[in-house]
Amino acid sequence: LHIANQPKDSESKAAVFIEMGSIYKEQKTFNMSLNYFEQAVKIQEDIGDQAGKSASLHEIGTIYLNQNNFHKALDAFQYSLKLQEKFTNGVDKIKNLKSLGEVFREQGDLEQSLRYYLQALEIADRFSYAKESISILSNIARIYNLRGDTNKASDFFEQSLKVAEDLDEKKAVIQNLFELSRIRGNLDKKRALLERALNLTSQINDALGMAIALYELGSLFASTEEEHTKAISFFDKSLEMSKQINHKRLEESNLEGLGKIYGTRNEFKKALRFFEQALNISRELEEKGYEAILLAYIGQTFAMQGENEKAMQALLMSISLFSQLDERAWMERVAAYLIRLRQKIGTDLFNSLWQKAKKSQDVPEWFERIIDNSSSDSGTSVEDFVNMVISAAADKSSETNQLLDFVTHLSKDENQPKEVQMLGKALQEILLGNRNPNLANLPEEFVELIRNAMQKSAM
């Protein structure tokens with residue numbers, strides 16, 4: 001602040017405040033940065049510097065966006081954009097429109113996000129801002145991809161790629177190649193895109209880009225069992241580069257990829273070693289979601305190795321974290337791991353391990369009921385589950401919403417047999433209040449279970 005008081009004229013003071021705000025923003029000291037930009041805005045208001053005020057407001061918006069304060073970010077960007085109506089600066093308008101698109105995308109409002117990105121694209125085209133259009137086209141593609149329209153997403157990524165190639169913007173070319181490889185074509189086409197990206201990253205000595213390309217190739221080959229040796233080679237190379245450039249998140253992803261492959265090869269000790277290294281990084285980075293996923297993989301691996309107590313501890317730790325994050329889809333997957341463990345080791349040992357591990361973990365009551373009501377004897381676990389769901393629907397119990405989430409995920413889980421997905425769909429209809437659910441495509445034994453349960457519950 002002493003430094004900012006040195007200049008005698010207001011314009012110079014504002015410039016110093018902006019410089020200090022930018023320095024603190026770069027250091028991610030956001031509250032200090034915000035303070036300096038807000039002081040700059042006050043001075044810019046006093047001296048009538050509309051363009052400067054608009055630019056400072058945009059910086060304030062980006063700070064709020066970094067803090068996930070979407071409401072204040074939205075206000076700042078919209079105010080900045082409104083001020084720009086009083087002067088002509090297409091590039092600055094594009095920045096605000098792109099930022100508004102990002103805010104709405106982060107909030108899940110894809111229609112509004114797309115509207116702002118399209119406005120930005122219109123200005124970029126009108127004023128021939130080709131370089132700006134690269135990122136706009138990519139962002140539009142991401143919106144279509146989030147909406148499930150992969151054809152349109154692919155078209156916009158291709159447009160972005162072409163502009164980037166025309167302008168020789170190699171980093172943008174590489175990014176679009178990565179994006180296209182994730183949504184387009186068979187293994188050979190994806191491989192060609194990634195190998196091209198890898199070649200370009202090598203040309204410009206982009207170590208992070210090379211590490212990402214190697215990781216993406218590893219992930220691609222990991223999906224085919226016959227190509228696991230190649231996948232391991234790519235993961236190993238990416239892992240080594242990730243360590244060299246100290247990129248912890250990419251290191252973590254490579255360790256997870258290696259753990260999964262060795263798990264499918266029944267090399268459980270190697271799998272656990274890689275998963276546990278990744279787990280340590282997730283804790284270092286305080287990534288609770290990733291920590292929970294890795295604990296689930298570790299628990300499943302311990303179970304396959306026959307270390308049942310360790311399996312139970314890891315799985316319940318993952319459930320506790322997933323519950324805090326309200327990740328119902330993953331809780332469903334862990335429930336399946338636990339039910340398979342019960343079937344493998346028997347009810348008595350399972351219940352003993354379950355009660356012991358549960359003492360130190362926060363397990364939701366509704367999840368406990370699903371596990372407690374499942375059985376190792378084939379045929380009865382489905383019956384107990386159906387009875388529980390239909391009883392909850394009839395009583396309108398407090399667990400109805402949780403069970404609805406569970407069966408909804410069950411109906412969409414492609415890892416489940418088709419008849420189990422259809423059972424989930426039928427139970428979803430019942431929980432939503434439909435007393436005459438569509439049972440036409442269900443196996444006869446499931447139809448009978450549902451009808452008997454509905455009769456018992458007087459539905």
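User: Which residues touch the most other members of the largest nonpolar core?

Analyst: Please note at the outset that the model is predicted. As a general idea, nonpolar side chains in soluble globular proteins tend to be buried together. In the present case, the largest nonpolar core has 137 residues, and those touching the most other members are Met 312, Leu 338, Trp 354, Phe 367, Phe 385, Leu 427 and Ile 450. Helix α15, residues 288–305, gives the most to this core, namely 10 residues. Apart from it lies another core, of 6 residues, including Phe 17, Met 20, Tyr 36 and Ala 40.

User: Which residues does Leu 427 touch, not counting those up to four places away in sequence?

Analyst: Leaving out those sequence neighbours, the partners of Leu 427 are Phe 385, Val 386, Val 389, Ile 390 and Val 407.

User: At what angle do helix α14 and α15 pack?

Analyst: To read a helix pair, one considers the angle, the axis separation, the handedness and then the residues in contact. Helix α14, residues 268–284, packs against α15 at about 160 degrees, and the axes are 9 Å apart. Because angles over 145 degrees count as roughly antiparallel, α14 is roughly antiparallel to α15. The crossing of α14 past α15 is left-handed. Among the contact residues are Phe 268, Leu 272, Phe 275, Leu 279, Ser 282 and Arg 283 of α14, together with Tyr 290, Glu 291, Leu 294, Leu 295 and Ile 298 of α15. By class, this contact comprises 13 nonpolar, 3 polar and 4 charged residues.

User: Is Glu 291 buried or exposed?

Analyst: The relative accessible area decides such a case. Glu 291 is found in helix α15. Its relative accessible area is 8%, so Glu 291 is buried, the cut-off for burial being under 20%. Beyond residues up to four places away in sequence, Glu 291 touches Leu 279, Ser 282, Arg 283 and Leu 321.

User: At roughly what angle do the axes of helix α17 and helix α19 cross?

Analyst: The axes of α17 (residues 328–345) and α19 (residues 365–372) come within 10 Å and cross at roughly 30 degrees. The two helices are therefore roughly parallel to each other. α17 passes α19 in a right-handed crossing. On the α17 side the contact is made by Arg 328, Met 331, Ala 335, Leu 338, Ile 339 and Arg 342, and on the α19 side by Trp 366, Phe 367, Ile 371 and Asp 372. This contact of α17 with α19 has 7 nonpolar, no polar and 3 charged residues.

User: Which residues of α22 and α23 meet?

Analyst: The geometry comes before the residue list. Helix α22 (residues 418–431) and helix α23 (residues 444–456) pack at about 20 degrees, with axes 11 Å apart. They are therefore roughly parallel to each other, and α22 passes α23 in a right-handed crossing. Glu 419, Leu 423, Ala 426 and Ile 430 of α22 meet Phe 446, Ile 450 and Met 454 of α23. Those residues divide into 6 nonpolar, no polar and 1 charged.

User: Where is Asn 176 placed, and is Asn 176 buried or exposed?

Analyst: For a single residue, one reads the position, the accessibility and the contacts in turn. Asn 176 is located in helix α9, residues 170–183. With a relative accessibility of 1%, Asn 176 counts as buried. Asn 176 touches Ile 134, Ser 138, Phe 157, Ser 160 and Leu 161, residues up to four places away in sequence not being counted.

Methods. Residues numbered from 1 in each chain as written. Predicted model: local features only at pLDDT ≥ 70, side-chain atom pairs only at ≥ 80, totals over all residues. Heavy atoms only, no water. Core = buried A, V, L, I, M, F, W, Y, C linked by side-chain atoms within 4.5 Å. Buried < 20%, exposed > 50% of the residue type's maximum accessible area, 1.4 Å probe, protein only. Helix = DSSP H or I, 4+ residues; strand = E, 2+ residues; numbered from the N terminus. Contact = heavy atoms within 4.5 Å. Axes fitted to C-alpha atoms, helices over the stretch in contact; angles between N-to-C directions. Parallel < 35°, antiparallel > 145°, perpendicular 65-115°, else oblique. Left-handed = near helix turned anticlockwise from the far one by under 90°. Nonpolar A, V, L, I, M, F, W, Y, C, P; charged D, E, K, R; others polar.
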